[in-house]
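Please consult the sequence and the structure alongside the text.

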Amino acid sequence: MTKSVSLTLDGNSVELPVVVGSELEKGLDISQLRSATGCITLDPGYGNTGSCQSAITYIDGDAGILRYRGIPIEQFEQSPNFIEVCWLLIFGSLPTEAEYADFSERLTRHAMLDESMKHHFQGFPTQAPPMAILSAMINTLSCFHPDMIEMDSDDKFITAAARLISKIRTIAAFAYRSSIGRPYNYPNPDLLYVTNFMHMMFSLPHAPYETDEIVRLAFNLVLILHADHEQNCSTSTVRLVGSSGANLFASCAAGVCALWGPLHGGANVAVLDMLEQIHQGDLSVEEYMRLAKDKNSGIRLMGFGHRVYKNFDPRAQMLQKVAEQLLTHLKINDPLLEIGKRLEDIALNDPYFVERKLYPNVDFYSGIILRALGIPTNMFTVVFAMGRMPGWIAHWREQQQEGSRIGRPRQIYTGPTLNDYVPRDKRGWKSVSDEDILRPASRQNFEF
Ligand code: SDX
């Protein structure tokens with residue numbers, strides 16, 4: 001197998017070692033490129049650039065393979081247990097019974113928020129985007145747990161991980177309850193992870209919310225399928241923020257912000273909006289597909305396409321099955337599911353999508369499931385974040401353990417070459433004193 005490649009530029013040569021992964025993926029190590037040749041690589045969107053070596057998740061986009069620490073995601077379908085997968089992703093192996101019991105107890109112990117955090121929720125407008133609240137409140141955890149900022153022991157790290165995985169539910173539920181003017185439901189230590197979240201979201205003082213076993217298992221699988229996805233935009237964000245030495249809460253809060261984007265985790269909301277638009281008759285399926293193929297329309301087939309998968313996203317296939325089983329179990333006839341399946345059928349036979357290898361991704365069916373569970377659309381990406389939290393934590397820890405350098409990409413400058421500052425009076429300004437310039441147009445004309 002080739003051990004290195006040589007590159008010569010303007011008479012300067014460099015040997016670039018070939019790095020080979022456990023699944024025989026190859027990468028050129030360019031860490032000496034700039035010092036040897038003076039040049040850098042350029043790869044907007046990093047489609048050809050690896051940021052790290054990682055042992056957490058493996059994706060083969062051509063074969064449609066996704067494995068967590070080597071275990072194919074399909075194998076979690078039988079008895080889905082999100083907390084077990086959290087441990088697997090973060091610590092590298094399936095938990096022993098004692099490890100699981102300890103972690104589960106920490107999740108229960110750390111489900112509550114500091115009582116004074118409740119005032120933050122009342123400070124947000126009722127229409128505030130839940131992802132903005134989630135990111136703010138996850139960052140706020142570092143204010144209430146300053147001992148977690150310096151992660152100087154394994155036990156501290158396990159507690160910080162438990163706090164994030166447990167409290168993200170409470171933050172999400174409190175944000176929802178505050179937005180609809182309902183009383184908060186405190187976490188109930190007698191309930192399992194998903195059941196506790198549904199209780200906090202939907203129980204009423206006189207009517208505790210009951211989650212049946214089929215729903216609980218389906219929701220566990222949905223969270224598992226969102227749990228990690230190697231160097232996606234939000235996980236890369238967590239790694240980059242963490243590389244500066246920022247604490248775990250700050251890094252995951254940044255991950256929430258990246259996930260919010262409609263090209264990333266926000267796509268699950270955009271898919272529902274798209275399906276609703278078609279269902280309401282604003283656009284027919286055929287019209288929508290035509291616009292999705294028209295570059296000038298600004299419309300894309302949301303929930304379709306992927307930077308890595310050039311075959312079916314295995315998660316989308318599993319989520320379609322969950323959607324069908326859950327809707328049958330709940331006796332829900334959701335027309336959006338049929339519209340989604342029609343869009344998929346058309347796209348999979350349309351040369352535009354086939355040539356570009358565009359298939360349904362994780363976001364295409366997840367919204368239909370969450371809608372069936374009663375989760376409001378504006379909370380879909382929050383649930384995605386709940387699922388992705390263990391992945392973010394695992395990558396943050398892997399990077400901390402590697403002791404990697406601060407992430408600081410280079411650039412190719414294309415701006416003006418050397419020129420000079422021109423004083424204001426030489427630029428035709430009449431008043432050149434700072435006071436004149438800064439005087440507000442009118443003392444009354446302030447906006448919030
Ligand atoms: C997630 O990275 C991850 O792992 C992410 C994720 C995870 O688990 O973390 O899997 C979660 O974010 C899934 C993706 C959710 N986003 C969407 O569903 C939004 C719709 N999809 C696209 O915008 C797009 O496919 C991306 C953003 C997902 C991927 O974008 P790329 O890799 O930059 O691809 P591209 O934009 O360069 O598209 C290549 C071609 C272009 O056409 P040409 O210029 O070659 O003619 O395919 C077209 C695009 O116009 N295209 C689409 C399309 N996606 C790509 N055309 C119509 N509809 C689409 N959805």
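Methionine 1 is placed in the segment before strand S1 (4-9). In this predicted model, methionine 1 counts as exposed because its relative accessibility is 62%. Together with Val20 and Leu24, Met1 makes a nonpolar surface patch of about 310 Å².

Beyond strand S1, the loop between S1 and strand S2 (12-20) holds aspartate 10. Although aspartate 10 is not a glycine, its phi is positive, at about 45°. Aspartate 10 counts as exposed, with 71% relative accessibility. Lysine 331 likewise has a positive phi, of about 55°, and is not a glycine. Lysine 331 is located in the loop between H13 and H14, and at 76% relative accessibility it counts as exposed.

**Salt bridges**

The structure contains 17 salt bridges.

| Lysine 341 | Glutamate 324 | 2.4 Å |

Glutamate 324 and lysine 341 form a salt bridge whose closest N and O atoms are 2.4 Å apart. Because glutamate 324 belongs to helix H13 (residues 314-329) and lysine 341 to helix H14, this pair ties together parts that are 17 residues apart in sequence. Glutamate 324 counts as partly exposed at 29% relative accessibility, and lysine 341 also counts as partly exposed, at 21%.

Arginine 371 lies in helix H16 (residues 363-372), whereas aspartate 334 lies in the loop between H13 and H14, so the pair ties together parts that are 37 residues apart in sequence. With a relative accessibility of 31%, arginine 371 counts as partly exposed. Aspartate 334 is buried, its relative accessible area being 7%.

Elsewhere, salt bridges link Asp102, Arg106 and Asp155 in a network.

**Positions related in sequence and space**

Helix H14 (residues 335-348) also includes alanine 347. Alanine 347 has a relative accessible area of 0% and is therefore buried. The C-alpha atoms of alanine 347 and methionine 289 are 7.8 Å apart in space, while the two residues are 58 residues apart in sequence.

Glycine 261 is situated in the loop between helix H10 (248-260) and helix H11 (267-279). Glycine 261 counts as partly exposed, with a relative accessibility of 24%. Along the chain, glycine 261 and serine 31 are 230 residues apart, and 31 Å separates their C-alpha atoms.

**The ligand site**

Which residues are closest to the ligand? They are His229, Arg300, His306, Arg307 and Arg315, within a shell of 24 residues that surround the ligand. By residue class, this shell divides into 10 nonpolar, 7 polar and 7 charged residues.

For arginine 300, the distance between a side-chain N or O atom and an oxygen atom of the ligand is 2.7 Å. Arginine 307 likewise places a polar side-chain atom 2.7 Å from an oxygen atom of the ligand. Taken alone, the ligand exposes 1,100 Å², of which the protein buries 77%.

Terms used:
Residues numbered from 1 in each chain as written. Predicted model: local features only at pLDDT ≥ 70, side-chain atom pairs only at ≥ 80, totals over all residues. Heavy atoms only, no water. Near = heavy atom within 4 Å. Polar contact = N/O pair within 3.5 Å; in protein donor to acceptor, adjacent residues only side chain to side chain. Areas by Shrake-Rupley, 256 points an atom, 1.4 Å probe, with all protein chains shown as cover. Nonpolar A, V, L, I, M, F, W, Y, C, P; charged D, E, K, R; others polar. Patch = residues over 30% accessible without salt bridge, like charges linked within 9 Å, V, L, I, M, F, W, Y side chains within 5 Å. Salt bridge = Lys/Arg side-chain N within 4 Å of Asp/Glu carboxyl O. Helix = DSSP H or I, 4+ residues; strand = E, 2+ residues; numbered from the N terminus. Buried < 20%, exposed > 50% of the residue type's maximum accessible area, 1.4 Å probe, protein only.
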